Amino acid sequence: MSEEKTSVHSISDLLGNGQRQSAYLIVISAKSAAGIGRMFKLDRSEVVLGRSSEAQFQVEDDGISRKHAKVVALGDGRFQVVDLASTNGTYLNGLKVNAAPLYDGDKIQIGSNTVLKFSIQDELEEQYQRSIYESATRDGLTRVYNKKYFLETVRKEFSYCLRHRVNLSLVLFDVDHFKKINDAYGHPAGDYVLTRIAQRVSDTVRTEDLLARYGGEEFALMLRESAEDQALACAERCRYAVDKADFVFGGTPIKVTISLGVATLLDSDFSQPEDLIAAADKYLYRAKRAGRNRSDAKAISGP
């Protein structure tokens, strides 16, 4: 005697614990490991999945069309997935579909590596899921992205921008004389300085820019669709924001500055993302040798 699988079709079917429930797409398999665990709340009438910047849920993967599929809210807590005449098709629990209802736990595959789980969760479950994703992608001290997430994202963006001739700039920066700060004021003061810098720079850059702690006192900033002059201007805004900020730890003021290096993909001969990172690192250390508390780039310093 075979067991029947119990599926829930409507959010209302799951109510009863007194908590509000919502529908989500959760990435459970992806081309980039850093994307696993990413959540998207289905709080609109339809959500388009695809490579296009116009897609509400943007995914970079082999075999994904610009507008590959969409999830449609039918009302009364019901949803369905609809293929948008994609090149390689949309699969629901391993079966190719044109349109099909979604049930809690269903798995949607688009592209070679991307699998999304349709999930209905209450607020506690949502918080737990987000905390797992945050711990995997965020730096524990500063709460900006960690190096692993940054590198995986840069590799993905580099390939896309190189293929489509789109500007991509990187800024690497670190804290001037950070060892002296630790030695003079203690490591807790150093941690405070790093956290405050992350806050100041996060408040300065655009929401679509990616800030990460690259290691120790070094940070990295990825600027999408930014030419070198725009990236250099952004670097200068960040430098100024830190230079003019008040750093006070335990009642003691601390003078803090940063040095920055800028490198841009377009019109350069970089063939690998590591080349772009190495160039930004080169200009960072040239800025430090030139006196610190400054930005450096190819355009202002020569080859």
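Me: Which side chains does the polar contact of 2.7 Å join here?
Reply: That polar contact joins the side chains of Ser259 and Asp176. A polar contact is a pair of N or O atoms within 3.5 Å; within protein, one must be able to donate a hydrogen and the other to accept it, and residues adjacent in sequence count only if both atoms are side-chain atoms.

Me: What kind of model is this?
Reply: It's a predicted model, where local features need pLDDT of at least 70, side-chain atom pairs count only at pLDDT 80 or more, and totals for chains, interfaces and linings use all residues. Residues are numbered from 1 along each chain as its sequence is written, and side-chain values use heavy atoms, with hydrogens and water left out.

Me: Ok, where is Ser259?
Reply: Ser259 is in strand S17. Helices (H or I, at least four residues) and strands (E, at least two) are DSSP runs, numbered from the N terminus.

Me: Is Ser259 buried or exposed?
Reply: Ser259 counts as buried because its relative accessibility is 0%. The cut-offs are under 20% relative accessible area for buried, over 50% for exposed, and partly exposed in between (1.4 Å probe, protein chains only).

Me: And where's Asp176?
Reply: Asp176 sits in the loop between S12 and H3. With 4% relative accessibility, Asp176 counts as buried.

Me: What else does Asp176 touch?
Reply: Skipping neighbours within four places in sequence, Asp176 is in contact (heavy atoms within 4.5 Å) with Ile181, Thr257, Ile258, Ser259, Lys288, Arg292 and Asn293. Ser259, with residues up to four places away left out, touches residues including Leu172, Phe173, Lys288 and Arg292.

Me: Switching topic: how many residues are in the largest nonpolar core?
Reply: The largest one has 31 residues, and Phe173, Ile197 and Val256 have the most contacts inside it. Elements that give it two or more residues include strand S12 (168-175), helix H4 (187-204) and strand S17 (258-264). A nonpolar core is a set of buried Ala, Val, Leu, Ile, Met, Phe, Trp, Tyr and Cys residues joined through side-chain atoms within 4.5 Å.

Me: What is Val256 in contact with?
Reply: Leaving out neighbours within four places in sequence, Val256 is in contact with Val175, Ile181, Val193, Ile197, Val242, Asp243 and Phe247. Another core lies apart from the largest one; it has 25 residues, among them Phe150 and Ile277.

Me: How many aromatic pairs are there?
Reply: The count comes to seven. Rings of Phe, Tyr and Trp (its six-membered ring) pair if their centres lie within 6.5 Å; planes under 30 degrees apart count as stacked, over 60 as edge-to-face and the rest as tilted.

Me: How is the pair of Phe173 and Phe219 arranged?
Reply: Phe173 and Phe219 are stacked, 5.3 Å centre to centre with 10° between the planes. The pair links distant parts of the chain, since Phe173 is in strand S12 and Phe219 in strand S14, 46 residues apart. Phe173 and Phe219 are both buried.

Me: Which residues form an aromatic cluster?
Reply: Tyr192, Phe247 and Phe249 form one.

Me: Last topic: what domains does the chain have?
Reply: The assignment, an automatic or database one, gives domain 1 (21-137) and domain 2 (147-296). Their centres, taken over C-alpha atoms, are separated by 32 Å.

Me: What does UniProt say about residues 47-97?
Reply: An unreviewed UniProt entry has the annotation "domain: FHA" there. UniProt positions are in the numbering used here, feature names are shortened, and annotations may be inferred rather than shown by experiment. In the model, residues 47-97 are 0% helix and 49% strand.
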